[in-house]
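This report looks at the pockets, the ligand surroundings and a charged pair in one structure. Please keep the sequence and the model at hand while reading.

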Amino acid sequence: MNYKRILLKLSGEALMGEKGFGIDQNRLMAYAQEIKAVYDAGCQIAIVIGGGNIFRGIQAEKGGMDRVHGDYMGMLATVINSMAIQSALEGLGVQTRLQSAIKMEQICEPFIRRKAVRHLEKGRVVIFGAGTGNPYFTTDSAATLRAIEIEADVILKGTRVDGIYSSDPEKDKNAVKYDTITFEEVYEKGLEVMDMTAFTLCKENNLPIIVFDMNKKDNLFNLVQGKKVGTLVEV
Ligand code: GTP
C-alpha cells in the first residue's frame, strides 16, 4: 500500500447522485463500498464531507442571509452527511467514529485530535463533521486542517473529474490532464484545485493532494495501492 493514513475529502453534491437535492442511497452505498475496500486493505482513513447537497452558505448570502449564519447552517449540513456516511459504513461492518467541530454530544464525539489519532490506530474510520467549526472556511480547508493535524500522508479529493486539466475539459477539447503538478505550477497557471486558503495550507505543510474521480469504481483502491489515478499535486 502506498499510503498508510489518508484523509478522503468528498463533496456533498456528489452524494445527491442523480437527484437534485439530499442524499441518494445508491450513491451513498457505492461510496461506502469503495471506502470499505481500502479499509479492508488496512489503510487508516479519515473522512471530511461537504454539505452542498443540503445547504450552501455562499448561495444563502446571495439570497440576503447573513454569511456567518449561512456558514453555520452549512456546517450542520456536513454533520448530516457525515452521519449518513457513518451509517452506511457501519452497515458494511466498518468501525467508525464521528467527531464534530461543533459540540453536539448526543450525536457524536467532539473533535479531539489525540482521540481521533487513537481511533485511527485502532482501525476505526474517523469522520470529521462541522467543518472547522468556524465561518468563512470551506470544507476543503477543514479537510486540509484535519489532514495536517492527524498527520495524514495525503489528502485525496474525490470529485467528478479525473484530475487537474490545463483548462476546463468540458469547454476546451485541447485541455490536457496532468499526472503530477507542483504547487507552484498550480499558482502560476491559475488552476483551481481547492480554494486558496486550503491550497496554501497544504503547500506550507508539505501535504500532497490527489484530485481524482470518486465515481469511478475501484479508483480509490487503485490510488491507495499506488496506481496512477488522478492528478498528484506535490512540492
Ligand atoms: P477507546 O476507549 O479508545 O477504544 O475508544 P471508544 O471510542 O471505543 O471509547 P469511548 O468510550 O470513548 O466511546 C464509546 C462509544 O461512545 C463510541 O461509539 C463513541 O463514538 C461514543 N462516544 C464517545 N464520546 C461521545 C460523545 O461525547 N458523544 C456521543 N454522542 N458519543 C460518544
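Which backbone atom lies 3.1 Å from a nitrogen atom of the ligand? In this predicted model, the atom in question is a backbone N or O atom of Cys108.

| Residue | Protein atom | Ligand atom | Distance |
|---|---|---|---|
| Cys108 | backbone N or O atom | nitrogen | 3.1 Å |

On its own the ligand has 620 Å² of accessible area, and the protein covers 51% of that area.

**Pockets**

The largest pocket holds about 1,500 Å³ of space, and 50 residues line it, with Lys9, Ser11, Arg56, Asp140 and Lys157 lying nearest its centre. Among the elements that supply at least two residues each to this lining are strands β1 (5–10), β6 (154–159) and β7 (164–165), as well as helices α2 (57–62), α3 (67–91) and α5 (139–149). Helix α3 gives the most, with 6 residues. The lining of the largest pocket divides into 20 polar, 18 nonpolar and 12 charged residues.

The second largest pocket contains about 190 Å³ of space. It is lined by 14 residues, of which Asp179, Lys227, Lys228, Val229 and Leu232 are the closest to its centre, and by class this lining comprises 5 nonpolar, 5 polar and 4 charged residues.

**A charged pair in helix α5**

Helix α5, already named as a contributor to the lining of the largest pocket, also carries a salt bridge between Glu149 and Arg146. The closest N and O atoms of this pair are 2.7 Å apart, and the two residues are separated by 3 residues in the helix, about one turn. Side chains of opposite charge can pair when their charged atoms come close. In total, the structure holds 11 salt bridges, counted with a cut-off of 4 Å between the side-chain nitrogen and the carboxyl oxygen.

Methods:
Residues are numbered from 1 along each chain as its sequence is written. This is a predicted model: local features need pLDDT of at least 70, side-chain atom pairs count only at pLDDT 80 or more; totals for chains, interfaces and linings use all residues. Side-chain values use heavy atoms; hydrogens and water are left out. On a 1 Å grid over the protein atoms alone, a cavity is a set of points where a 1.4 Å probe fits but cannot get out, and a pocket is an open set with protein on both sides within 12 Å along at least five of seven lines; lining residues have an atom within 4 Å of a point. Grid points are joined across faces, edges and corners, and a volume is the space filled by probe spheres set on the points. Helices (H or I, at least four residues) and strands (E, at least two) are DSSP runs, numbered from the N terminus. Ala, Val, Leu, Ile, Met, Phe, Trp, Tyr, Cys and Pro count as nonpolar, Asp, Glu, Lys and Arg as charged, and the others, Gly among them, as polar. A polar contact is a pair of N or O atoms within 3.5 Å; within protein, one must be able to donate a hydrogen and the other to accept it, and residues adjacent in sequence count only if both atoms are side-chain atoms. Accessible areas come from the Shrake-Rupley method with a 1.4 Å probe; for residues, only the protein chains shown count as cover.
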